[in-house]
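Please look over the two chains shown here before reading on. The paragraphs that come after are meant to be read beside the structure.

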Amino acid sequence: MDRPKIRIATTSLAGCFGCHMSFLDIDERLLELTRMADFDRSPLTDIKQLGRCDIGIIEGGVCNAENVEVLRQFRERCTHLVAIGACAINGGIPALRNRYPLEACLEEAYLRGEGLHQPAIPDDPELPPLLEKVLPVHEVVQVDYTIPGCPPSADAIWSVLCALLAGREPELPRPLIHYD
Amino acid sequence: MPEFLLDGRSVPFEPGQTVMEAAIAAGIYIPHLCWHPAFEPHGSCKLCTVDIDGRPASACTRPAEAGMQVTSGSEALRRLRLRLTQMLFVEGNHFCPSCEKSGDCELQAMGYYLGMTDNHYPHFYPRRELDASHPDILLDRDRCIFCELCVRASRKEGKSVFALAGRGPQTRLVINSPSGRLGDSELDAGDEAAGICPVGAIVRRNTAYRVPIGQRRYDLAGIDEESLARERPLLGRADGPTED
């Protein structure tokens, strides 16, 4: 008898897609995964609209208004929310800008940077406004599970996914916990 | 020799020893970050909190007494230590992927040991000053956990280069030099104070990546094993049997 398939959505907010690459590193286990689960919105499917999902995987921290909107939608529509990677957990490398005022970052990048042609701070209305500080995911929405690492290893990701697919509480064994 | 009970095991001690000293000498690990066998205890990180006859106490400062019942390995204490470690992470700027101490860092290794997978609390993202004025030693205050090991080591070496100033969130590591900068202090790269930092706050330059990530101290062993192997001999009981 066929069990209904688990639905998984993934997104990368203020991240580098490294966690998604590590996710793909589960290699042939992807086939096993697709027998048990379907992908909803994800860079892997290119589906843009998020449906109701069992598992939502968030890579990256929260650096702009669009990140906040996407994250809140994931929280609303996913039963289990998994924050994956250093940036989602503590802001990571993008949060290094938190020590400077936002204006100073923009001026450094767009007005004073070397080799700029017609220096100007971008203000296209389509660009989402930046937050004053880059935030980890748990400071914006409730997070259910976390997988640390930069990126987490494929084995760490697989271990948590397997537990969730089997309805068990994920518990990362010590050798799979890494922050670098 | 008098004895006390630690997690149900008899631990002998010499009068004057602390609970921590007796435990490590007996080959039993109690988590700690600010304690080091070569220096007076500081009692600030509280990672070594144990239950002694029903009350919490710091194992590093509490003198051992015959017959005391000490609990260290309970789930409740693991959770307490986890929260303390998470507080240390959020009150500084600890970004392991960009830190050259990653893999050799005791704070990070403590997180691994306690099964920490997130930081739990909101982050402070404090603004702290980097001091790159010394040609051989870098001081990155973002990573300081105020354990005072550098303070104690430098005092013992007769230089007293470091001190903690301020209180609470304003606490900061300050330098004893006319300009307040490390480069104008008496600190040398060979000093014990330059090499004792358990985190990546004080690092010797040009040594960062001699050992690649993945082959470092805590990539190879947990902080419990590594700590016992390194610190137990310093208490003079290197060859003694493990009391278990």
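What follows goes through chain A and then chain B.

This is a predicted model, in which local features need pLDDT of at least 70 and side-chain atom pairs count only at pLDDT 80 or more, while totals for chains, interfaces and linings use all residues. Residues are numbered from 1 along each chain as its sequence is written, chains are lettered from A and ligands numbered from 1 in the order in which they are written, and side-chain values use heavy atoms, with hydrogens and water left out.

Chain A has six helices and seven strands; helices (H or I, at least four residues) and strands (E, at least two) are DSSP runs, numbered from the N terminus. Read from the N terminus, the elements follow the order β-α-α-β-β-β-α-β-α-α-β-β-α. The C-alpha trace of chain A spans about 65 × 35 × 30 Å along its principal axes.

Five strands of chain A form an open sheet with parallel pairing, in the order β2-β1-β3-β5-β7. Two strands count as paired if DSSP finds at least two bridges between them. At the edges are β2 (37-39) and β7 (145-147) of chain A, each of which pairs on one side only. On average, neighbouring strands of this sheet are turned by 25 degrees against each other, direction ignored. Within the sheet, β1 (residues 6-12) and β3 (residues 53-59) of chain A are joined in the parallel sense over five bridges. A:Thr10 has A:Ile57 in β3(A) as its bridge partner. In a regular strand the side chains alternate between the two faces of the sheet.

Helix α2 (residues 29-36) of chain A lies across β1 and β2 of chain A and runs at about 95 degrees to β2(A). Helix α6 (residues 154-165) of chain A lies across β1, β2, β3, β5 (78-84) and β7 of chain A, at about 155 degrees to β7(A). Axes here are lines fitted to C-alpha atoms, for helices over the stretch in contact, and angles run from 0 to 180 degrees between N-to-C directions.

Two loops of chain A have backbone features to note. Most residues other than glycine have a negative phi, and most peptide bonds are trans. A:Asp27, in the loop between α1 (18-24) and α2 of chain A, has a positive phi near 55 degrees. The peptide bond from A:Cys150 to A:Pro151 is cis, with omega near -5 degrees; A:Pro151 is in the loop between β7 and α6 of chain A.

Chain B is divided into domain 1 (3-73) and domain 2 (94-220), with bounds that come from an automatic or database domain assignment. The C-alpha centres of the two domains of chain B lie 26 Å apart. Domain 1 of chain B gives 13 residues to the contact and domain 2 of chain B gives 16 residues, where contact means heavy atoms within 4.5 Å.

Chain B also has an open sheet of five strands, here with mixed pairing and the order β2-β1-β5-β3-β4. Strands β2 (9-12) and β4 of chain B are at the edges with a single partner strand each, so one side of each has no neighbour in the sheet. The twist averages 40 degrees from one strand to the next. Strands β3 (residues 49-52) and β4 (residues 55-58) of chain B pair in the antiparallel sense over four bridges, and B:Thr49 stands opposite B:Ser58 in β4(B). β3(B) and β4(B) form a hairpin with two residues between them, and B:Asp53 in the turn has a positive phi of about 50 degrees. β3(B) also runs antiparallel to β5 (residues 69-71) of chain B, joined by two bridges; the bridge partner of B:Ile52 in β5(B) is B:Val70. Helix α2(B) packs on this sheet, touching β3 and β5 of chain B, and its direction makes about 150 degrees with that of β3(B).

Two packed helices are described by the angle between their axes and the distance between the axes. Helix α2 (residues 75-91) and helix α3 (residues 106-113) of chain B pack at an angle of about 140 degrees, with their axes 10 Å apart. α2(B) and α3(B) are therefore oblique to each other; angles under 35 degrees count as roughly parallel, over 145 as roughly antiparallel, 65 to 115 as roughly perpendicular and the rest as oblique. The contact is made by B:Thr85, B:Leu88 and B:Phe89 of α2(B) with B:Leu107, B:Gln108, B:Met110 and B:Gly111 of α3(B).
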